[in-house]
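Subject: Structure handover

Hello,

Here is the structure you asked to look at, with notes on what was found in it. Please read the notes with the model open beside them.

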Amino acid sequence: MDSGRRGRDLRIGDPERERAMRLLGEHFSAGRLELAEYDERCRQAAGARFGSELDELFDDLPGPRPVELAPATTRPAPSAGAIALTVGAIAAGIALVVVARQIGVLLLIPMLAIIWFTWRRR
């Protein structure tokens, strides 16, 4: 594999290797591969580190590739409106907590007064 190709090539994991071997098994079952060829390609698939190494095993075979090259998916940057909405929601939450504490303290004073006067009447 040349260095230019390797720079763009992505490493693969066990799921990609297993899929490649499963696809090779389908080609073997369909009679497209002989036993020795199937065995050799499975060994190469098991030792593959890059997607291009798996693709090379399927150059002369029809059907899907074990590693489909898809464009990299990136999450779009949040818009200014989304950031403003998030900051506003956080600020509103903080304000609600502060107000609730103050209201709680204000409600606590009359409750304590009622309890005090009720207790004193006994």
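A residue is called exposed when its relative accessible area is over 50%, and buried when that area is under 20%. Asp60, at 53%, is therefore exposed. Please keep in mind that this is a predicted model.

Helix 3 runs over residues 35–47. Its 13 residues should span 18 Å at 1.5 Å a residue, and the C-alpha atoms at its ends are 19 Å apart, which agrees. Three of its residues, Arg41, Cys42 and Ala45, are buried. Viewed down the axis of helix 3, the buried residues fall within an arc of 105°, so they line one face of the helix. The cover over these buried residues includes helix 2 (14–29) and helix 4 (51–57). Ala36, Arg43 and Gly47 are on the other side of helix 3, and they are exposed.

Next, the salt bridges.

The structure holds four salt bridges, and three of them are described here.

Which residues does Arg41 join in a network of salt bridges? The network links Arg41 with Glu37 and Asp60. In the bridge between Arg41 and Glu37, the closest N and O atoms are 3.4 Å apart. Both of these residues lie in helix 3, four residues apart, which is about one turn of the helix. In the bridge between Asp60 and Arg41, the N to O distance is 3.0 Å. This second pair links distant parts of the chain: Asp60 sits in the loop between helix 4 and helix 5 (80–121), while Arg41 is in helix 3, and the two are 19 residues apart.

Arg41 has a relative accessibility of 11%, so it counts as buried. Glu37, at 32%, counts as partly exposed. Asp60, as noted above, is exposed at 53%.

Because Asp39 and Arg43 are four residues apart in helix 3, about one helical turn separates them. Asp39 counts as partly exposed, with a relative accessibility of 34%. Arg43 has a relative accessibility of 58% and therefore counts as exposed.

Last, the aromatic rings.

A pair of aromatic rings is described by the distance of the centres and the angle of the planes. How many aromatic pairs does the structure hold? It holds one. The partners are Phe28 and Tyr38, and their rings are stacked, with 4.8 Å centre to centre and 20° between the planes. This pair too links distant parts of the chain, with Phe28 in helix 2 and Tyr38 in helix 3, ten residues apart. Phe28 counts as partly exposed, at 31% relative accessibility. Tyr38 also counts as partly exposed, at 23%.

Regards

Definitions and conventions:
Residues numbered from 1 in each chain as written. Predicted model: local features only at pLDDT ≥ 70, side-chain atom pairs only at ≥ 80, totals over all residues. Heavy atoms only, no water. Expected span 1.5 Å × (residues − 1). Buried < 20%, exposed > 50% of the residue type's maximum accessible area, 1.4 Å probe, protein only. Arc of directions from axis to C-beta. Contact = heavy atoms within 4.5 Å. Phe/Tyr/Trp six-rings, centres within 6.5 Å; stacked < 30°, edge-to-face > 60°. Salt bridge = Lys/Arg side-chain N within 4 Å of Asp/Glu carboxyl O.
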